[in-house]
Amino acid sequence: MSIRPIPTRPIAPRIAQGRGGGPADMVIRGAPRRGLGPGGLLDGDIAICGDTIVGTLDHYEGRHIIDAQGRIAVPGFIDTHLHVESSLITPFEFDRCVLPHGVTTAICDPHEMANVLGRAALEYFVDAASRVVMDLRVNLSSCVPSTTLETSGACLSADDLMEWRDHPCVIGLAEFMNVPGVLNGDPGCMAKLAAFAGRHIDGHAPLLRGRALNGYLAAGISTDHEATAAAEALEKVRKGMTVLIREGSVCKDLRALVPLLTPATSPFFAFCTDDRNPLEIAHEGHLDYLIRLAIAEGVEPLAAYRSASLSAAQAFGLRDRGMVAPGWRADIVLLDDLRECRVADVIAAGRLVDDALFATREVIAPVGLHSVSLPAPVSAADMAQAGNGVQAPVIGLIPGQIITEFLRADMTVCDGVIQADPARDIARVCVVARHGHNDNIGRGLVKGFGLKAGALASSVGHDSHNICVVGLEGADMAVAVNHLETTGGGFVIVRDGRVLADLPLPIAGLMSDAPFEQVAARLEVLRAAARGVGCVLDEPFLQLAFLPLPVIPHLKITDFGMVDVDRMALL
């Protein structure tokens, strides 16, 4: 394992520059500061020594002067929970993609890659985190695998995680999604909770309320990003949790939760994206979009900016950032407009963010190439679901959510095979094991894609990332699955046996090795192709990726088959 220590910051020069004993390394002039307490905008210079703010209000001399021309200075934004892999790009491209949007700190969980590669994924991420420009922090993946109801590529025990616990880029333990394991005292869960006792432990507790929530919190878990309704979030806040308001490419909870966000409650809320791809970032933004949307929904700017910075930092024990004030880390965003959160310039750890800054990074080689391994090419017959079709279970998509409905429908059967029914918007769905451990294929039905023809397949399938394919005919579904083995993973759309569009994701079957601009352009082509086969979803592949997630209610599918998540049982 490669560990690069975080440099210590010399104290004496900071004191000298702060008290005006010599020119500051950098001075930002003409930028009123948005205070995070009472008082509104505050005038004056912002003096910086190295990576630390050392002075405000007074007039400072500086070796390097930034004329902000009246732009408003706010603290750098902190994304409190995300999976870099879900951006479909490497940590280095993610850095280049979101830092210009004001995200100076991001707390990632390499859970997706870890479920494919295990320890190699953690080593890759902590190594990359020490080399990017932004401050990328890592929470170690707590649930690899997340359940025993699917085939994962790896398994991480408490002993495996301990190797990285004290790495300077590591905060603590990532989203503890095995809620039944916590509540029922599963030995593996108990070992991980004990190993990280006293450290930050992220939560993942959709719909958890009452005494069950009490027991979950008693384990030392302190945050949650799965609240989808105001009443649920309010109970969690009242019981001491910090609720992370999520607005990703699929999970869009912000409008439901921001009525709770006020200047008084903002210490108990932060923002996160969880899963957001480069196309959404290009069209809307990243955390800047969440702030802009919250303010448009009626949130006071003070509450929005505090939750995006100081509250987030304090929730995760990052005591050196979140304010534009002396002694704090020099993560600063200069805005053209406060209410619209229009980012003009970004200063990360005292450095003005530009293309030259990214060019100074040491980029490490990718890992997990050729991770898609099928025992043999699949056939149309492999995609066929046998049964009598009477009251067959159907996954019901809810656009904008990863929670699904448990539906039932009487289906047409031909030669013992359950048929798709595009007139009722019911398609076939299969999950094909791709880690080389077995030849499992789970088969079922799903409602909500709107397909009129063809098939869509993805090697991004939370959490174990087997291949998930949805379609109307087995032949197209088989072509799509086999194509992903040739590309090393990714997304693909097939119609009449022909590939219409694809996006190769050769790094663990999850990430592209291309620049984020190219990935965004390919996603545009995929969206158009998806519409061409009738798909009605804005983000079909991310919605597809959550169908195999058997820790989110109510009905899901894995390579083992259909899963009743409420009972944690295979159908």
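Where is aspartate 415 found? In this predicted model, aspartate 415 sits in the loop between strand S21 (413-414) and strand S22 (417-418). As background, most residues other than glycine have a negative phi, and most peptide bonds are trans.

**Positive phi values**
- Aspartate 415 is not a glycine, yet its phi is positive, at about 55°.
- With a relative accessibility of 78%, aspartate 415 counts as exposed.
- Histidine 465, also a residue other than glycine, has a positive phi near 60°.
- You will find histidine 465 in the loop between S25 and S26, and at 1% relative accessible area it is buried.

**Cis peptide bonds**
- Valine 144 and proline 145 are joined by a cis peptide bond, with omega about 0°.
- Proline 145 belongs to the loop between strand S10 (135-140) and helix H5 (158-162).
- A cis peptide bond also runs from histidine 462 to aspartate 463, where omega is near 5°.
- The loop that holds aspartate 463 lies between strand S25 (455-458) and strand S26 (467-471).

- In soluble globular proteins, nonpolar side chains tend to be buried together.
- The largest nonpolar core here has 145 residues, and the members touching the most others are Phe176, Phe271, Tyr305, Phe449 and Leu547.
- Apart from that core lies another, of 18 residues, including Val378, Cys430, Val432 and Ala478.
- Beyond its neighbours within four places in sequence, phenylalanine 176 is in contact with residues including Ser142, Cys143, Val182, Lys192, Asp202, His204 and Tyr216.

Technical notes: Residues are numbered from 1 along each chain as its sequence is written. This is a predicted model: local features need pLDDT of at least 70, side-chain atom pairs count only at pLDDT 80 or more; totals for chains, interfaces and linings use all residues. Side-chain values use heavy atoms; hydrogens and water are left out. A nonpolar core is a set of buried Ala, Val, Leu, Ile, Met, Phe, Trp, Tyr and Cys residues joined through side-chain atoms within 4.5 Å. Buried means under 20% relative accessible area, exposed over 50%, partly exposed in between (1.4 Å probe, protein chains only). Contact means heavy atoms within 4.5 Å. Helices (H or I, at least four residues) and strands (E, at least two) are DSSP runs, numbered from the N terminus.
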